[in-house]
Amino acid sequence: MAMDAARPVLLTGAAGALGRGLARGLAEAGVPLVLTDIAPFPGPLPPGARFEAADLADGAAVARLAAGCRAILHFGGVSVERPFEEVLGPNIAGLFHVYEAARRAGARVLFASSNHAIGFHERSARLDAACELRPDGFYGLSKAYGELMGRLYWDKHGVESLVVRIGSCFPRPVDARMLSTWLSAADLLRLCQAMLAAPELGYARVWGASDNPASFWGADDRQRLGWAPRDTAEAFRAEVGHLRSDDPVAERFQGGAFCAQGWSRG
Ligand code: NAI
Ligand code: 15L
């Protein structure tokens, strides 16, 4: 389905670490934006953007915000491992609200999934995007659920989705694991732009990582988007390549410290 560029794009999680940068970058590229978050937007609003605070657990508010939008870039919600009760509203009910709003608005969705949906694969494995989901906690489980929500809404309702299984999107890698998982903010921005521009998306899954030679990840649907990362974590090897934890569980699995959190298997 071709996208009508005049219709705005809804960005959830706009006040968050990734949302703030995306709001600025997309606005600079001339994308009309509706920004939302439960927290206030920090600093001045980018040109051509409006902001409205909302809780993702409020389905009516999400539907109102999405009305008339051509796409929802879904970056809001709990972004680290938390108790199940805290994940439930934003990441479980919230996901349903986002997809229902997209269905009603005729919008496509970019879902910011996470490597923690597959975190219990061993680091020695090289995974394709269609690999088995192996969440490493309640947060990762909510991302696995979100990925399947996208699958359901494409198969049943024709709502197009891009699932971006993000590795570690930080200003720079901070340890040896991130030489495998790092995604630069610039590569993420270009990925969002490619998603908005793609003539046909269907249900697509992409590893959200830069061009890292030490990557754990292989084939995905990036060709459908015409996106390829340009940055690489390898430039930081001398700086962080020696920085490893002393936890054998964290070092064994792709999800790192999230796997070790609450581990009781012996
Ligand atoms: P963040 O925690 O900085 O931003 C998330 C935003 O969601 C926050 O501004 C928060 O206020 C908002 N939020 C939380 N609960 C909400 C609710 N009930 N209603 C409305 N808004 C709510 O996280 P970050 O790093 O910006 O990540 C953005 C997305 O990307 C998240 O979905 C995260 O899971 C995903 N991701 C990020 C990675 C990274 O390396 N930064 C890696 C993998 C996935
Ligand atoms: C994530 O999903 C988190 O949102 C982020 O804060 C990092 O912990 C990242 O994964 C990671 O695995 O490095």
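Ligand 2 is surrounded by Ser 79, Ser 114, Asn 115, His 116, Tyr 139, Gly 167, Ser 168, Phe 170, Arg 177 and Phe 258; a residue is near a molecule if one of its heavy atoms lies within 4 Å of it. This is a predicted model, in which local features need pLDDT of at least 70 and side-chain atom pairs count only at pLDDT 80 or more, while totals for chains, interfaces and linings use all residues. Residues are numbered from 1 along each chain as its sequence is written, chains are lettered from A and ligands numbered from 1 in the order in which they are written, and side-chain values use heavy atoms, with hydrogens and water left out.

Look at the make-up of the shell around ligand 2. Three of its residues are nonpolar, six are polar and one is charged. Here Ala, Val, Leu, Ile, Met, Phe, Trp, Tyr, Cys and Pro count as nonpolar, Asp, Glu, Lys and Arg as charged, and the others, Gly among them, as polar.

Now take the polar contacts (pairs of N or O atoms within 3.5 Å; within protein, one must be able to donate a hydrogen and the other to accept it, and residues adjacent in sequence count only if both atoms are side-chain atoms). A polar side-chain atom of Tyr 139 is 2.7 Å from an oxygen atom of ligand 2. In the side chain of Arg 177, an N or O atom lies 2.8 Å from an oxygen atom of the ligand. For the side chain of Asn 115, the distance to a ligand oxygen is 3.0 Å. On its own, ligand 2 has 320 Å² of accessible area, and the protein covers 80% of that. Such areas come from the Shrake-Rupley method with a 1.4 Å probe; for residues, only the protein chains shown count as cover.

Asp 37 is found in strand 2, residues 33-37. Helices (H or I, at least four residues) and strands (E, at least two) are DSSP runs, numbered from the N terminus. Asp 37 is buried and has no salt bridge. Buried means under 20% relative accessible area, exposed over 50%, and partly exposed in between (1.4 Å probe, protein chains only). A salt bridge is a side-chain nitrogen of Lys or Arg within 4 Å of a carboxyl oxygen of Asp or Glu. The nearest side chain of opposite charge to Asp 37 is Arg 20, 7.6 Å away. Lys and Arg count as positive and Asp and Glu as negative; His and the chain ends are not counted. What does the side chain of Asp 37 reach at 3.0 Å? It reaches the backbone nitrogen of Ala 15. A polar atom of the Asp 37 side chain also lies 2.9 Å from the backbone nitrogen of Ala 39.

Other charges do pair. The count comes to 15 salt bridges. One of them joins Arg 252 and Glu 122, at 2.9 Å from N to O. This pair links distant parts of the chain, 130 residues apart. Arg 252 sits in helix 8 (residues 248-252), and Glu 122 in the loop between strand 5 (108-114) and helix 4 (138-157). Arg 252 is partly exposed at 42%, and Glu 122 is partly exposed at 32%.

Another pair stays inside one helix. Arg 151 and Asp 155 form a salt bridge, also 2.9 Å from N to O. Because they are four residues apart in helix 4, about one helical turn separates them. Arg 151 is partly exposed at 32%, whereas Asp 155 is exposed at 53%.

Finally, Arg 50, Glu 52 and Arg 64 are linked in a network of salt bridges.
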